[in-house]
Every structure is written in C-alpha cells, then in structure tokens.
Amino acid sequence: MSARILGEVDIRGLAIALQEARKGYDEGGVPIGCAILQTQTQTQDTQAEPKVLGAGHNLRVQKASATLHAEISALETAGRLKASVYKTCTLYTTLSPCIMCTGAILLYGIPRVVIGENANFVGGEDLLRSHGVEVIVVNDAHCTALMAKFIQEKPELWYEDIGEVHGTNYA
C-alpha cells in the first residue's frame, strides 16, 4: 500500500480515508478523505481495539461550504468529544492537511497524523511537528494518483479549495 511499512491499524485508518476520498470524487467533489481512530486507551491499561470515531470527505462542492474539508468533516461526524479522547486518537488523511485543518488538529490536541501523500500539496506538516505532533507521510500511490487525476480534470476546483487563483496564493 505504501512506501512506509504501516501497522494493521494504520492500514485500516488510511483505507477508510481513501474510501472517503473516492466517495468525494464520485460525488463530483474534491477527493480528499479522512478518518479519526481512537488508537490508544485513556488509561495506562492494555490497549483496547482501535475504534473509528469519525470519517468524512471534502464536501465543499457538494454542500457549497467554505470550510468542509475532509478533516473538518471527519471531526464533525465524530461529534462533540472530550479533550481527553482527542489525545488518544490518530487522524488519517489522504492529503497533507491545509493550515485550517492543521489548526483544528492542534486545537483538539490530536497527537498523531498519518498522511496518504504530500506530492500534490504540502500543508501544515512543519507546524504540526513544531507542536509535537507525530507526522507520518506514507506516499501512497493510490492517494497520489487520485489527487493528481482530480487536479488535472478540475484545476479550478482544486485551486479554489486551497485558496489560490491559477496557482497564485491570495496572500
């Protein structure tokens, strides 16, 4: 599945995120998916079976939303959680998270992020690392190919999604 050898839980989490990304593509949206798994227990006891707390995909096009990136969508489907729960999670995303989504990861204290690919876009990875978040970039060929295909097919939607005009940053 990837250039980096992943454990079973990481393979499962990234597979859910990729399934969500494909769903987004099939709906005509931006094909980025995300899953949030509780991968640690809240106590020092033995680790419980990982639990999917939320999953989602980019819904900006489908819902005419300014903010429904995949990571925000997954947080929304997870619902309201205590801060202690977020600190036991890993967030899986098919694409490097943008600054908005990076901010949400930092806000909720998610300690670990597994990224499917960052060949098509590099978001706030350095910011995450600077705040002590473990960042793992997988370089998954399926994630990379799906995103590249979308960017080639719908560049205007892609640039809109990352806040750029014809590849030029607004700022």
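A contact is taken here to mean heavy atoms within 4.5 Å. The structure is a predicted model, in which local features need pLDDT of at least 70 and side-chain atom pairs count only at pLDDT 80 or more, whereas totals for chains, interfaces and linings use all residues. Residues are numbered from 1 along each chain as its sequence is written, and side-chain values use heavy atoms, with hydrogens and water left out.

The chain contains seven helices and seven strands, assigned as DSSP runs (helices H or I, at least four residues; strands E, at least two) and numbered from the N terminus. Along the sequence these elements follow the pattern α-β-β-α-α-β-α-β-α-β-α-α-β-β. Of the 171 residues, 48% are buried, where buried denotes under 20% relative accessible area, exposed over 50% and partly exposed in between (1.4 Å probe, protein chains only). Among contacts with a separation of 6 or more, 58% join residues 24 or more positions apart.

Helix α1 (residues 8-26) packs with helix α6 (residues 141-153) at an angle of about 20°, their axes being 11 Å apart; axes are lines fitted to C-alpha atoms, for helices over the stretch in contact, and angles run from 0 to 180 degrees between N-to-C directions. The two helices, α1 and α6, are therefore roughly parallel, a class that comprises angles under 35 degrees. In this pairing, Leu18, Ala21, Arg22 and Tyr25 of α1 meet His142, Cys143, Leu146, Lys149, Phe150 and Glu153 of α6.

Glu20 also belongs to α1, and, with a relative accessibility of 11%, Glu20 counts as buried. Leaving aside residues up to four places away in sequence, Glu20 touches Gly33, Cys34, Ala55, Gly56 and His57. The C-alpha atoms of Glu20 and Ala70 lie 8.5 Å apart in space, although the two residues are separated by 50 residues in sequence.

In helix α4 (residues 99-108), the buried residues are Cys101, Thr102, Ala104 and Ile105. These residues cover an arc of only 160° around the axis, which places them on the same side of α4, the arc being that of the directions from the helix axis to the C-beta atoms. The buried residues of α4 pack against α2 (70-78), β3 (89-93), β4 (112-115) and α5 (125-130), while the exposed residues Ile99 and Leu107 are carried on the face of α4 turned away from its buried side. Just after α4, Gly109 adopts a positive phi of about 70°.

Terms used. Parallel < 35°, antiparallel > 145°, perpendicular 65-115°, else oblique.
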